[in-house]
Structures are given as structure tokens and as C-alpha cells.
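Here are my notes on this structure, as numbered points. Please read them with the model open.

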Amino acid sequence: MTSLKDKVAIVTGGGTGIGAATALRLAEEGANVAVCGRRIGPLESIVSEIENKGGQALAIVCDIADESQVDTTISAVVSQFGGLDILVNNATLLEAGLIDGHTTESWHKNFSVTVDGTLFMMRAAYPHLAKNRGSVVNVSSIVGSQGTPYMTGYAAAKGAVNSMTRNAAIEWASAGVRCNAVVPGAIMTDPTKAILPDEQAQAYMESLIPMRRIGDPVEVANAIVFLASPLASYITGVLLPVDGGRATELSMGAVSME
Amino acid sequence: MGRLNNKIAIVTGAGQGIGRAIAQALASEGATVVAVDLNLSAVEETVQVFPQSSMALACNVGNSAEVASVVSKVEAEYGRVDVLVNNAGIGQAPNDGSDLYMQRLGARAEAFAKGETPTVFADHTIDMQDDGWLAVMNVNINGTFYFCRDVLKVMSRLNQTGSIINISSTSALNGEGGAHYCASKAAILGLTKALAQEVGARGIRVNAVAPGPTDTPAMASISEEWRQQIAQAVLLNRLASPREIASAVAFLASDESSYITGHTLCANGGMHLL
């Protein structure tokens, strides 16, 4: 892998799951990493893990749905590390619900972190990214482009992330700032574990995936690191699925082919 | 040494341009590279600079017997195949109507320059003969199929995992190019997705890369003005270097992309968005 030595990265939702794996991988490649999230505990433990491996990291408590906290966070990172090269918008929030059962409040919650928060981060980070010809990687989801009942609000929010990714790629290309997204399928994080109560549920989920297994957070992190790195210097506006082939397949085919 | 240590990789069309850059990128990541091309002396030159063992073989990928022979030679020498990159491809062939198409483009440009409305359309396909169409289809899609099939035979028999990367083109997505070329490159995407589903359960991944305009020797002959026009069609406002396509291929070849299959990765400076 290419070196990200002395690059500065921000990862939102960096305390757990895909965000934590991404913070660790970016640090392994030499980046200084600001790890953001709402709870200090998980952030501090990731920062210690990075520091124990000889890396540099910073824990920042930030609710990205609050634009003043976002502006403060970006300023703090730039003043601490001297600039900004990589923004990973991973923080999200899921309020499940049927379309005819969504309260207005739960509907808006799906958008506050995932859509508003991502916009606030991109907006505040852009001048710094432009200075360093940096790059953005948004973490979308397979639900943003495929039918997913019971989570219409979340799916719509992830669809919005896809649009924001494409449009930032266009608006920022002339400044040399690339913007891409990874599109995870089923990844073994805490929220995924929560919807897989037993082995049978997991086996069913796996049967829908061409690679017949649920992904590991580090597999998404590796794709994020690639897109953020100079190795992807001619790649922008791309939505890269990290889903074991799930997006290529209609669920009906999978089981019958075994 | 790299992400592809101890891997055996076959790269077709490795005598120049993107294929040569791919062979070099995989070798620099530690892979043992088998460089394949119609032009043997060109691939011999490609592998000269590799630090580790490598092999240069002549092969017309559109000939299934030649493909079978290459794959069996590689298995005999190295015992397996881990990575296959189907890069060999052509954009035109004799009797495909290109010459008449270029004449029409010239006439249209002349009319525009004089401020007149052109009297001819930019027709190409009406002059495409059967053999011109088939020649492009044969190299681009049949060649990719032959290599996928024969390498999968080896991977399947040895019950091994692996990664196959098929080089498509942004033309497959936006229809910019000859009908034979666009159709063949789009067919590669269907092949890629079908194979990804068929062999994904045993850990063999199959992906495609869709390059945009790339600064290869084939592009060197065009005028500076045309080059500028092409660059303007790309968000990043420049052509890719072959190395930038190669680094996307190396990512898909490596375990860094271990949960990615069936995808078409655009390495085209954002051209697919416009």
C-alpha cells in the first residue's frame, strides 16, 4: 500500500465498527488521524491503540449534526496537525420504520447525521482539502441503491450521500479534490450483529451474498484507504461496493445456484 | 516486498501501454508476472526490468488453442494461477468502416469551420463489415472469455482462491466509440458479473476496471487539439497515466479488496458522471 505519511485525516464515527477500522488503517499507513464521535470512551481507546503502535491521533467529541461543533472540530484538527488531506464521512444514524409508521421526528433523525452532518463536514473541510489537493471518502450503504423495506429513511439518507458524492466530485475536480464513496453491504459490526439473532439468521444473510460470508470492517477500511490514497489519483465520483458481490445479484438466484 | 508476494499473475496485452504498466505494478508488489502479448519482443522488453522470475509469452487471445497453451504452460511452470488480468483489446480492425467514418468526421469538421451545416452524418456502423465487427468482438470478448475459462479451470481443479480483473472501458458505459468496441467492452461487464456470482462462494473474485482516456502510445499519434478536447471531457481535465489504471488493477488483485467482487471500477477521472 502507498504511504500516507504526514497526511492528516479525519474519520467521523471513528470509535467503533468501520470508522474505528478505518482510523487504524489510515494510521498504519502513516497518517495523523483525528477520530470523531459522540462518546469519548471508544474514541480514546482507538487513539491509544494508534499511539501504542507509534502513530499520532486525536480524539474529538463532536456531534456532526451540529454545525458549530463541526466548524470547531475542523479548526481544531487543522491547528493541531497543520492541515487536512483526507475526510472520511462515516458517522451515521439509523431509525428503522415503515413508511406509513414513520414519525416526522424519526424520519428527520435519519437525515440529521447522515445527510446534514456529511454536508457540514464537507463544507467546512473543503477549503483545507483544496489547499492540499486532498480527498473525501463517504461511507454510503447498499440500502441507498437497493430496495430495503423498514428502513426507508435510512435508505433515502444513504441515497442522498451517493448524490452528494457525485456532485462534490464534479464541483471540486478543478481544485484537484477527489470525492468517492464506499458502499458496504453486510459487514459484521454491532448493528449487523443486532439484526442477526442466531446462526440461522446469519446463514440466511450469507446465502444472499455471492461470496457467502459477511464482510469484516477492515475490508471496508482497506477500500476507503485505497480511495483516499494517491493510488486512486484518477478515480473520482465513484461508488465502490464492498459487499461480497451482493449488488450484482438478485436474491432469488443465490440459493438455487448452490 | 508487497501486497502480491508469492502470487502468480497473468497479464494479457502486456507489450505496451496500460498492459505493460499493469504488469509492472503487479511485479513491483511482489507478483511473479506472466506477460502475454501478440508481440513477443514487446513483452520480453516488459519483463526485462522485473526483479523476480517472470515469463513472456506470445499469444493471440482470440485463438482459444493459443490461450489454452499459455495457461497450461503457466501451470506447468508455477503450479497455479492467482491473478488474471484480461487487458488485451483492440479498438478497430480492417473492414470495420473506420476509414469512411473518419472521412465523414473530416467533412463535418470542415463544414463547421466554414460556419456551414454539414451535409453528412457521422455514420460508422453502416460500413462495418461482418469481419470488421467480428475481429474486434473476437479479441475483446472472446479472448477475455477464453482466458477466464481456462484460468478458472486451474483455480477450480486446485480448489484455490484468486482474483480476475477484466479491462473494460468507459465506452461500455457512455457509448463513446465504435459500436463493435462499445458492445465488446459492455459484454465484458456482463461476463464479469456472471462469473463473480458463479465463483464467489469459493473465494474467487471477478471485477472489471473501466479506464477513461489514458496516455498510452496509441494516443501519442493524435493532435494536441484533439487531446485537449478529450481532456476536457474528464472532470480532472487530463488524461490518465497508464500507472493510474495499473494501481486500480493492483488494488483489485490484492487482498485489500477481499470483499469486492462483480464491480466495475471506473478509473476515468470522473468521466462517467458527465
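1. Helices here are DSSP runs of H or I with at least four residues, numbered from the N terminus. The model is a predicted one. A:Pro42 sits in helix α2 of chain A, which covers residues 40–52.

2. Burial would take 20 or more.

3. Which residues does A:Pro42 touch, leaving aside those up to four places away in sequence? They are A:Gly15, A:Thr16 and A:Gly37. A:Val218 is 176 residues from A:Pro42 in sequence. In space, the two C-alpha atoms are 17 Å apart.

4. A:Val218 also takes part in a helix pair, contributing to the contact of α1(A) with α8(A). Helix α1 of chain A spans residues 17–28. The axes of α1(A) and α8(A) are 8 Å apart, at an angle of about 55°. That angle makes α1(A) oblique to α8(A). The crossing is right-handed.

5. What does each helix bring to this contact? From α1(A) come A:Gly17, A:Ile18, A:Ala21, A:Thr22, A:Arg25 and A:Leu26. From α8(A) come A:Pro217, A:Val218, A:Val220, A:Ala221, A:Asn222, A:Ile224 and A:Val225. By class, the contact of α1(A) with α8(A) has nine nonpolar residues, three polar and one charged.

6. A point on reporting. Interface size is often given as the accessible area lost when the parts come together.

7. Chain B, taken as a whole, holds nine helices and seven strands. Its radius of gyration is 19 Å, close to the 19 Å given by the globule rule for 274 residues, so chain B is as compact as a globular protein of that length. Along the principal axes, the C-alpha atoms of chain B fill a box of roughly 65 × 40 × 35 Å.

8. How much of chain B is buried? Buried residues are 50% of its 274 residues. As for contacts in chain B between residues at least 6 apart in sequence, 71% join residues at least 24 apart.

Terms used
Residues are numbered from 1 along each chain as its sequence is written. Chains are lettered from A and ligands numbered from 1 in the order in which they are written. This is a predicted model: local features need pLDDT of at least 70, side-chain atom pairs count only at pLDDT 80 or more; totals for chains, interfaces and linings use all residues. Axes are lines fitted to C-alpha atoms, for helices over the stretch in contact, and angles run from 0 to 180 degrees between N-to-C directions. Helices (H or I, at least four residues) and strands (E, at least two) are DSSP runs, numbered from the N terminus. Angles under 35 degrees count as roughly parallel, over 145 as roughly antiparallel, 65 to 115 as roughly perpendicular and the rest as oblique. A crossing is left-handed if the near helix is turned anticlockwise from the far one by less than a right angle, and right-handed if clockwise. Two residues are in contact if their C-beta atoms, placed from the backbone, lie within 7 Å. Ala, Val, Leu, Ile, Met, Phe, Trp, Tyr, Cys and Pro count as nonpolar, Asp, Glu, Lys and Arg as charged, and the others, Gly among them, as polar. The radius of gyration is taken over C-alpha atoms; the globule rule is 2.2 Å times the number of residues to the power 0.38. A residue is buried if 20 or more other C-beta atoms lie within 10 Å of its own, exposed if 12 or fewer, and partly exposed in between; C-beta atoms are placed from the backbone.
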